Amino acid sequence: MRNIDEHNITEAAIARLGHGAQPRVNEIVTALVKHLHAFVREVKLTEAEWQQGIVFLTDTGHMCSGERQEFILLSDVLGVSMLTVALNQKRAAGATEATVFGPFHVDDAPRCEDGADIARGAPGEPLAGEIEVVDLEGRPIADAEVDIWQADDDGLYDVQRPELGTERRARGVFRTDAKGRVRFRSIVPTAYPIPTDGPVGRLLDAAGASPWRPAHVHFRIRAQGYATLVTHLFREPDPYLDSDAVFGVRSSLIARFEPQPGGGYRLQHRFVLVPESEA
Ligand code: BEZ
Ligand code: FE
């Protein structure tokens, strides 16, 4: 292959790259080349712009650490995370919808007893949560793992506060009781901007896009024999429900946060899981 030019390089690259041992990898790599070349042609990318793109991706990598995943953030703001969720999580009618995972989950959140306060000093108005986990027929799912995490009243996750070190706040992992229930106490979520102090923030700024997410609490629910559910509960009213920076809002995930006579809010929600085989 010689004298490759702008007209035949796509064909040449696809022919070169589609011969590995794994058919799925061949499919993905050749489609990637096809679409990347189309993108470069469409915008008539200059060499200086290509260089800028390389610097951007390098900065994105350098921003990543144990506590920060800038590539997930990039995927989120480009709509790729939510597109992947939407393509892969077409659930049966009645099942709870999934949404983006986000970059702030940690694996070492405290294991909690029923009724525990997960705020552990995080600032915010008190919240009393009552969660139920059931199957498509409404039967309780006992011993499901319910992993909950959220930002505090300043719009920050514990991992965004260097002063906390490895101290965990506003997150906890519970197990449902025989009736499929978990009760927890926490704080009322508020809207917050996704981190803008890195390359993704610069991208949003340059693109004239807002970094704000509507108020939400994250949940990951895992139970034997059921498809894992990664989702949020949103609270209304909220000015960002129709302009979420990461495209994660589903109407069915707007939950009941009821003000309580003595102050604070009560959140009640029933999560419906689908069997693993139907996911
Ligand atoms: C979050 O909700 O924690 C989140 C999701 C996507 C990007 C940034 C934050
Ligand atoms: Fe969040």
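Predicted model: local features only at pLDDT ≥ 70, side-chain atom pairs only at ≥ 80, totals over all residues.
Local features were kept at pLDDT of at least 70 and side-chain atom pairs at pLDDT 80 or more, while totals for chains, interfaces and linings use all residues. Residues are numbered from 1 along each chain as its sequence is written, ligands are numbered from 1 in the order in which they are written, and side-chain values use heavy atoms, with hydrogens and water left out.

The chain has 6 helices and 10 strands (DSSP runs: H or I of at least four residues for helices, E of at least two for strands). Its C-alpha atoms fill a box of roughly 75 × 40 × 35 Å along the principal axes. Of the 279 residues, 41% are buried (under 20% relative accessible area, with exposed over 50% and partly exposed in between, 1.4 Å probe, protein chains only).

Turning to the metal, the iron ion (ligand 2) is held by Tyr157 (OH), Tyr192 (OH), His216 (NE2) and His218 (NE2) at 1.9 to 2.2 Å. Donors here are N, O and S atoms within 2.8 Å of the metal (3.2 Å for Na, K and Ca), and with water not among the atoms, sites may look incomplete. Along the sequence the donor residues follow the spacing Y-x34-Y-x23-H-x1-H. Both His216 and His218 are buried. The 6 donor atoms around the iron ion (ligand 2) subtend angles of 55 to 164°, so the arrangement is irregular; six donors would count as octahedral if opposite ones were over 155 degrees apart and all others between 65 and 115.

As for Val43, this residue lies in helix H2 (residues 23-43) and is partly exposed, at 41% relative accessible area.

Note on methods: Tetrahedral: all angles 85-135°; square planar, octahedral: opposite > 155°, others 65-115°.
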